[in-house]
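Here are my notes on this model, point by point. Please read them with the structure open.

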Amino acid sequence: MAAERPTIDESYWMATTPGTGYPPPGKDLTADVAVIGGGIAGLCTAWELVRAGLDVVVLEADRIAAGVSGYTTAKLTAMHGLLYAHLEAKHGPDSAGLYALSQQDAVDRTAALCAELHIDADLEHASAYTYVQDPRRTGEIRNEAEAARRAGLDASFVTETELPFEVAGAVRVDGQLQFHPRKFLLALAETITGAGGRIFERTRVTGLHDAARCRLTADGGVTVDSRDAVIATHYPVFDRTLLFTRLKPRREVVIAAPVPAESAPTGMYITPEDNTRSVRSAPFDEGRRLLIVTGESFEPGAGHVRERFARLDAWARERMPGFAEADRSYRWQAQDNDSSDHLPYVGHAHARTQHVYVATGFGGWGMSNGVMAGKLLTAHIAGGPRPAWTDLFDPRRLPPVHDTGQLAKFQAAVAKHFVGDRLHTSHVDSVTDIPPGSGAVVRLEGKQCAVYRDETGHATALSARCTHLGCLVQFNDAEHVWECPCHGSRFGTDGSLLHGPATRPLEPVRRSETS
């Protein structure tokens with residue numbers, strides 16, 4: 001049986017950095033650009049715009065760098081799994097080359113920013129690997145190495161790594177980075193405000209009027225008048241180009257524990273096998289490094305999250321020396337959005353706008369794509385030469401004919417939840433059948449309700465309809481939150497909104513049976 005040890009249910013990046021306290025605006029605002037969202041894409045965009053001489057406000061619904069960017073594995077690399085062979089086959093070698101150029105540029109830009117701004121973000125140069133253990137898949141790895149090399153990366157096929165187990169083959173790309181994302185982003189935020197930019201937290205934007213100038217409405221009735229607006233909320237909270245039909249959310253679980261430094265890998269590793277396994281390490285303390293293991297990819301709301309953590313923990317204990325003996329561990333969850341054509345959406349939000357921009361669809365590689373988005377959006381807004389990859393990431397692009405099948409799969413999955421989940425609730429007939437400390441969707445008086453019972457047995461009932469587009473939420477048993485399987489919105493057990501694209505909380509239900 002696995003040894004018990006203290007487990008910290010928090011991201012290591014969040015646990016080892018101070019909180020922030022930027023105030024809400026308190027009055028109406030005017031700016032050149034309003035950036036909605038204070039994660040890596042929003043803050044990098046704000047910094048680039050401020051450096052270009054523009055008056056910028058950042059509007060964050062909660063706390064900056066505390067959403068998706070605070071719960072990442074923080075690999076800053078141009079090597080993205082088995083992507084380049086796919087891009088070359090589906091979009092052509094020129095597109096694969098532009099994608100590689102954009103990602104390596106983001107890696108180099110981050111290193112330059114840390115040096116220029118004197119940011120101590122535990123930045124380390126490392127090689128990135130995509131590996132397989134199944135000999136039958138070495139052909140895929142060879143093809144990926146060749147495609148990545150043709151795209152311009154320093155890629156090679158290898159059969160030996162520093163991992164404590166054998167691999168059948170791996171793609172190795174040198175010259176990549178790993179870092180502490182919160183240290184980087186909090187320092188960048190201070191630089192933004194020091195240069196005249198303004199950051200406002202606890203400021204949820206609920207309305208956006210797109211005309212000759214943009215008019216944003218936030219909680220409390222505050223308005224922001226700006227020439228341009230950037231939607232950098234991970235999943236767009238305003239979506240007139242219907243990007244939600246071309247995005248699919250997914251989650252992964254992350255566990256981390258300090259191990260002897262000599263046992264920790266120095267490279268960054270990922271495999272598509274075993275429902276994804278990702279391994280890297282980070283500085284921890286004298287003689288130890290933090291081993292970070294990620295995997296168990298799943299759809300939001302799919303449930304059984306504690307079981308996923310247990311499987312990943314068992315894998316790490318079996319495979320990674322020192323992990324089982326660690327004196328503590330951290331665990332958290334990451335969320336990503338995959339686009340239907342495997343390319344991000346960065347640029348004008350829709351065909352009829354000249355002033356609203358979006359950055360989304362980073363496919364699990366938000367660190368490099370967030371930095372890339374900052375540079376690209378600033379070229380759009382501030383003027384000057386646009387990067388060579390501008391058209392490649394344009395959100396207004398039409399999906400290629402050969403990708404319509406993937407688009408149909410995305411919509412079929414949404415339709416399954418939108419219709420099927422209404423026919424099948426959780427296997428619970430009444431509120432009293434829900435174990436204390438758990439939640440389930442139950443039909444009450446003809447309505448499907450999301451009901452959570454706390455450890456004392458007190459029940460809180462909410463409408464199970466996500467306030468975004470009406471899909472039914474499901475319970476995450478590890479974090480005790482409600483999740484929308486269609487577009488990834490997340491809510492507290494009290495209905496409070498934790499993560500968009502929804503902009504409103506779940507509606508409460510009051511009835512005698514839940515009391």
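1. Strands here are DSSP runs of E with at least two residues, numbered from the N terminus. Please keep in mind throughout that the model is predicted.

2. Look at the backbone of alanine 65. Its phi is positive, about 55 degrees, although the residue is not a glycine. Is alanine 65 buried or exposed? Its relative accessible area is 2%. The cut-off for buried is under 20%, so alanine 65 is buried.

3. Arginine 202 also deserves a look. It is not a glycine, yet its phi is positive at about 50 degrees. The loop that holds arginine 202 runs between strand S8 (198–200) and strand S9 (205–210). Arginine 202 has 47% relative accessibility and therefore counts as partly exposed.

4. Now the packing of H3 and H4. Helix H3 covers residues 83–91, and helix H4 covers residues 93–117. Their axes are 6 Å apart, and the packing angle is about 140 degrees. That makes H3 oblique to H4. By class, the contact has 7 nonpolar, 3 polar and 1 charged residues.

5. Which residues in H3 meet H4? They are Leu83, Tyr84, Leu87, Glu88 and His91. On the H4 side, the partners are Pro93, Ser95, Ala96, Tyr99, Ala100 and Gln103.

6. Threonine 130 belongs to strand S5 (residues 124–132). It has 1% relative accessibility, so it counts as buried. Its side chain reaches the backbone oxygen of glycine 81 at 3.2 Å. Leaving aside residues up to four places away in sequence, threonine 130 touches Met79, Gly81, Leu82, Ile141, Gly169, Ala170, Val171 and Ile270.

7. Helix H5 (residues 138–150) has 13 residues. From its first C-alpha to its last it reaches 18 Å, close to the 18 Å expected at 1.5 Å a residue. Just after H5, glycine 152 takes a positive phi of about 110 degrees.

8. What is buried in H5? The buried residues are Thr138, Ile141, Glu144, Ala145, Ala147 and Ala148. Their cover includes H3, S5, strand S6 (155–158) and strand S7 (169–178).

Key. Residues are numbered from 1 along each chain as its sequence is written. This is a predicted model: local features need pLDDT of at least 70, side-chain atom pairs count only at pLDDT 80 or more; totals for chains, interfaces and linings use all residues. Side-chain values use heavy atoms; hydrogens and water are left out. Axes are lines fitted to C-alpha atoms, for helices over the stretch in contact, and angles run from 0 to 180 degrees between N-to-C directions. Helices (H or I, at least four residues) and strands (E, at least two) are DSSP runs, numbered from the N terminus. Angles under 35 degrees count as roughly parallel, over 145 as roughly antiparallel, 65 to 115 as roughly perpendicular and the rest as oblique. Contact means heavy atoms within 4.5 Å. Ala, Val, Leu, Ile, Met, Phe, Trp, Tyr, Cys and Pro count as nonpolar, Asp, Glu, Lys and Arg as charged, and the others, Gly among them, as polar. Buried means under 20% relative accessible area, exposed over 50%, partly exposed in between (1.4 Å probe, protein chains only). A polar contact is a pair of N or O atoms within 3.5 Å; within protein, one must be able to donate a hydrogen and the other to accept it, and residues adjacent in sequence count only if both atoms are side-chain atoms. The expected span of a helix is 1.5 Å times one less than its number of residues.
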